[in-house]
Amino acid sequence: MFCRFCGKELPEGARFCNNCGRIADVMPLQQAARRRPMAWFKFIIYFQLFANAACNLIIAFMWITGLHYGESAELYYETCPPLKVIDVIYGLSCIACAAGAIVVRQKLAHYKKNAPTWYIGFIAVTLILGLISSVAVYLAVTFASEGYLEIKLAELMRYAVIVIAGVCFHIPLNYVYFIKRKDLFVN
């Protein structure tokens, strides 16, 4: 049982909260979770974050090995040496994001106090890392290859639109969703 005012765990049968001193008006965490629809939360912890981790590992492998350039990887790396460094750094950041997805999933699944903040921060960091990588690749190819290689600005802009949409819609919607359920995250 948890105090509905401060969120601290209460001993069984307590009449007052040991932390805030209020009358123990308690509700079990499972009962509190049933009060609101939790389908999105379940989707996040049972599918989205695991899928995100798997996709990040695949992307990391592709970027570290240069597979995302297809048959032209060696040409890109010979013509633009900074590109290999950018690809490896982004690949390593994808591995870190995969680990972060699992950490955030565990925090959410165990109703940790700051888990929604971690989740929203994770979304923002993942989107921004992708955008930074895209900009770095575009700049490296544009300036270091002296025009021999071409990466279309439209591809960069498409990813920028995805990031802006994520920041403008996905993050605020999740913020509102979790604010309405903040009383659940008390552990």
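1. Basis. In this predicted model, local features need pLDDT of at least 70 and side-chain atom pairs count only at pLDDT 80 or more, while totals for chains, interfaces and linings use all residues. Residues are numbered from 1 along each chain as its sequence is written, and side-chain values use heavy atoms, with hydrogens and water left out.

2. Aromatic pairs. Rings of Phe, Tyr and Trp (its six-membered ring) pair if their centres lie within 6.5 Å; planes under 30 degrees apart count as stacked, over 60 as edge-to-face and the rest as tilted. By this rule, the count is 12 aromatic pairs. One of them joins Phe 41 and Phe 178: the ring centres are 6.5 Å apart and the planes stand at 80°, so this pair is edge-to-face.

3. Position in the chain. Phe 41 belongs to helix α2 (residues 39-65) and Phe 178 to helix α6 (residues 153-179), so their pair ties together parts 137 residues apart in sequence. Helices here are DSSP runs (H or I, at least four residues), numbered from the N terminus.

4. Burial. Phe 41 and Phe 178 are both buried, that is, under 20% relative accessible area with a 1.4 Å probe, protein chains only. Phe 41 has 3% relative accessibility.

How values were computed
Helix = DSSP H or I, 4+ residues; strand = E, 2+ residues; numbered from the N terminus. Buried < 20%, exposed > 50% of the residue type's maximum accessible area, 1.4 Å probe, protein only.
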